[in-house]
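I opened this model to look up a few residues and how they pack. My notes follow in the order I made them.

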Amino acid sequence: MGVRDRIRATGLPRTTWVLAMAGLLVAVGFGVLIPVLTPFARTFGATTFQLGLVVSMFAAMRLVTSPFAGRIGRLIGERNAITIGMLIVAASSVATALAPNLAAMLAARSFGGIGSAIFTISAISLLLATAPEHLRGRASGLYQGGFLLGNMTGPALGGILAGISIQAPFYFYAAMLVIAAGFTLFMLPARVRPAATTAKRTPRPFSAVIRDIRYQAALTLALGQGWQSFGVRNALVPVFVTEALLLDTSWTGVAFAVAAVAQTAALMPAGNATDRLGRKPVMVAAGLLCGIATIAMPFSPNIWVLMIALSIFGFGAAMQGTAPTAAVGDATGGRGGTPVAVFSMMTDVGSIVGPLVAGAIVDVWSFQSAFAVGGVILLLGAAHAMLIPRSLDREFIDKKR
């Protein structure tokens, strides 16, 4: 059986594979920036607070743009919105490399957040609309897998490029975005037909979607994911390794790499479980695993126990990357727009607020207290998912039969 036949055998539409490949290209470029983003800001004499702004301004502009991103996708077509969004981020990356001072760098990064919101929300909307409802978990897992693989390979390449010049990774990121934009433009039609089950359904108004317990639970887990996965974990684990465990910073990279391998390995099984068992049990498991692992991290007596905790978190994060997204698709009937934008915004809110709150807690109390807050949010997400009626959660399974 050839590669094309194997792809067809999965039942996943072409759009899923195209979006996953585009996500891989974007993530490799984004990962390249990780080793150089804050050191580049330091060349302008940035303070520690300003280093935080370099990261948070990107997320803040994503948050501001998200309410309009779905409308843009519907107006010009998701394919065109994805392409334009990627080109905006590419332009911002070049502008960052050419920035003469910190203010210009912050402005360029903020501009990139606008493009990121447009292509991310349009891509998720397209993913949910075109994937059959009984395959949404696997589609979400494949899409997330592209980003994960890119983020795993990018930082190592970034270190090599930084040896050429500190601006080189920014140009590389721009090039990868242009390639991804061209790939999307030529591999997807201007207007993609939704899956048959999606096309037959009348779009649900947001007022109805927000009352859906599946959507509410997905929002809670999205907040926890942004707070801990994208925020507190990345901000405080490196500090914990150096200040509490008294180890070199290289051990942080090793620990994160081990966790990323665990998360990548768990993605496809998590997607399969989401489609076969239902969204509810996978969402509950995601919240429990991530919540317990988060609370345990700052109690680690050595780097090996911390790696185990991070790997357990990685297993849960794989489930978070599949089940909540599929639940959003179920609640909306596979439609995008405002519900997808709000779902994305909850992640952004967590990633912006989480590190600030956790940092303040560490200054006043302890690492344990700071991590506990994120852990409690994730456990609340699990509790929220437990409230989903079994009959409602298994609608898509019963229809398939």
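I began with Ser300. Apart from residues up to four places away in sequence, Ser300 touches Phe240, Leu245, Val305 and Leu306. I took contact to mean heavy atoms within 4.5 Å.

Before going on, I noted the ground rules. This is a predicted model, so local features need pLDDT of at least 70 and side-chain atom pairs count only at pLDDT 80 or more, while totals for chains, interfaces and linings use all residues. Residues are numbered from 1 along each chain as its sequence is written, and side-chain values use heavy atoms, with hydrogens and water left out.

Where does Ser300 lie? I found Ser300 in the loop between helix H13 (279-296) and helix H14 (303-320). Helices here are DSSP runs (H or I, at least four residues), strands are runs of E (at least two), and both are numbered from the N terminus. Is Ser300 buried or exposed? Ser300 is buried, at a relative accessible area of 6%. Buried means under 20% relative accessible area, exposed means over 50%, and partly exposed is in between (1.4 Å probe, protein chains only). The side chain of Ser300 also reaches the backbone oxygen of Met297 at 2.8 Å.

Next I looked at the rings. How many aromatic pairs does a search of the whole structure find? It finds five. Rings of Phe, Tyr and Trp (its six-membered ring) pair if their centres lie within 6.5 Å; planes under 30 degrees apart count as stacked, over 60 as edge-to-face and the rest as tilted.

One of the pairs is Phe40 with Phe170, which is tilted, at 5.2 Å centre to centre and 50° between the planes. Phe40 sits in helix H3 (residues 37-42) and Phe170 in helix H8 (residues 168-187), so this pair ties together parts 130 residues apart in sequence. Both Phe40 and Phe170 are buried. Together with Phe44, they form one aromatic cluster.

I then checked Trp251 and Trp304. Their ring centres are 5.6 Å apart and their planes are at 85°, so the pair is edge-to-face. Trp251 belongs to helix H12 (residues 250-276) and Trp304 to helix H14, so parts 53 residues apart in sequence are tied together. Trp251 counts as partly exposed, at 29% relative accessibility. Trp304 is exposed, with a relative accessible area of 52%.

Ala327 came next. Ala327 is in helix H15 (residues 323-332). Its relative accessible area is 1%, so Ala327 is buried. Which residues does Ala327 contact, leaving aside neighbours within four places in sequence? They are Arg214, Arg279 and Met283. From Ala327 to Asp212 I noted 9.9 Å, C-alpha to C-alpha, across 115 residues of sequence.

The largest nonpolar core has 66 residues, and Met86, Met105 and Met283 have the most contacts inside it. Such a core is a set of buried Ala, Val, Leu, Ile, Met, Phe, Trp, Tyr and Cys residues joined through side-chain atoms within 4.5 Å. Helix H6 (residues 102-130) gives the largest share of this core, ten residues. A second, separate core has 26 residues, including Val232 and Phe371.

Last, I took the whole chain. It has 19 helices and zero strands. Buried residues make up 52% of its 401 residues. Among contacts with a separation of 6 or more, 87% join residues 24 or more positions apart.

Methods
A polar contact is a pair of N or O atoms within 3.5 Å; within protein, one must be able to donate a hydrogen and the other to accept it, and residues adjacent in sequence count only if both atoms are side-chain atoms.
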